[in-house]
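Notebook open, structure loaded. I want to jot down what I look up as I go, residue by residue and then helix by helix.

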Amino acid sequence: MLKAVIFDLDGTVLDTLPDLNACMNEALAQFGCPAITLEQTRRYVGNGGLLYATRALPPERRAEAEHFYKDIYCPVHFRCKNERTRPFAGEGECLAALRAAGMRLAVVTNKSQRAADELGATLLKPFGFSVIFGNRDGVPVKPDPTLTLLALKELGVAPAEAAFVGDGETDVQTAKNAGMRSVSVLWGYRGEEELRAAGAERFARSYAELQSILLAM
């Protein structure tokens with residue numbers, strides 16, 4: 001039986017897409033660049049804020065991505081109060097059942113640690129996550145397993161005793177790189193075909209289905 005489950009954040013635990021789109025478009029407007037659509041945002045997220053910013057900028061402006069991300073996108077993001085962000089249906093019941101079964105829960109995200117902490121103090125607070133780790137200086141983002149392995153160490157659980165749950169190719173690859181099992185969810189920002197191409201083998205279409213899969217692993 002699993003001792004811990006690590007969750008991705010965006011598209012897995014919280015539907016952050018509307019806020020990610022709105023905050024990026026506010027920043028792009030300040031930078032004199034055209035807005036991006038919600039569907040573009042869906043394709044661009046998943047590999048950390050800097051790459052999201054790079055993809056959102058017009059091709060001729062991408063050399064300025066780091067300046068854009070650090071000086072404009074980040075302040076705008078933290079003025080955004082996640083007013084459009086919501087948990088997914090059935091999430092609370094699933095996470096409560098996993099905790100009742102003795103599993104420890106954590107979040108590992110490519111979102112910045114500051115943004116993860118902000119959500120940890122608000123929307124994530126009722127869910128009982130023991131660890132919430134985000135992108136920080138000196139640690140590579142997923143699919144590098146470093147941050148995930150640090151989270152497991154904090155939980156006192158070996159990779160073979162844990163599963164990684166996420167909605168993206170990056171999450172499948174992170175689990176493989178960390179020596180963990182994985183479950184890919186289909187309510188997030190990537191489709192089943194993309195996830196299978198990345199090596200995904202287990203799929204959940206709802207939190208109720210995810211609960212059954214994890215309790216049986």
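Predicted model: local features only at pLDDT ≥ 70, side-chain atom pairs only at ≥ 80, totals over all residues.

Started with A162 and its contacts, where contact means heavy atoms within 4.5 Å. Leaving out neighbours within four places in sequence, I get L2, A4, L152, V157, M180 and R181 touching A162. A162 sits in strand β6, residues 162–166. A162 comes out at 0% relative accessibility, so I put it down as buried. My cut-offs are under 20% relative accessible area for buried, over 50% for exposed and partly exposed in between, with a 1.4 Å probe and protein chains only. I also checked A162 against L147: they are 15 residues apart along the chain, with 14 Å between their C-alpha atoms.

Residues are numbered from 1 along each chain as its sequence is written, and side-chain values use heavy atoms, with hydrogens and water left out.

Next, S184. I find S184 in strand β7, residues 181–185, and it is buried at 2% relative accessible area. What does S184 touch, not counting residues up to four places away in sequence? My list reads G166, V172, L195, A200, R202, F203 and A204.

Then two loop spots. G102 is in the loop between α5 and β4 (104–112), and at 52% relative accessibility I count G102 as exposed. From G102 to N82 I get 31 Å, C-alpha to C-alpha, for 20 residues of sequence. P143 is in the loop between β5 (131–135) and α7 (146–155). The peptide bond from K142 to P143 is cis, omega near 20°.

On to helix packing. Two packed helices are described by the angle between their axes and the distance between the axes. I take axes as lines fitted to C-alpha atoms, for helices over the stretch in contact, with angles from 0 to 180 degrees between N-to-C directions.

First pair: α1 (residues 17–30) packs on α3 (residues 49–56) at about 60°, axes 11 Å apart. From α1 I see L20, N21, M24 and L28 meeting Y52, A53 and A56 of α3. The residues of this contact split into 6 nonpolar, 1 polar and no charged. For those classes, Ala, Val, Leu, Ile, Met, Phe, Trp, Tyr, Cys and Pro are nonpolar, Asp, Glu, Lys and Arg are charged, and the others, Gly among them, are polar.

α5 brings E91, E93, C94, A97 and L98, and α10 brings Y207, L210, Q211, L214 and L215. I sort the residues of this contact into 7 nonpolar, 1 polar and 2 charged.

Last, the whole chain. I have 10 helices and 8 strands, and buried residues make up 52% of the 217. The C-alpha atoms fill a box of roughly 55 × 35 × 30 Å along the principal axes.

Methods
Helix = DSSP H or I, 4+ residues; strand = E, 2+ residues; numbered from the N terminus.
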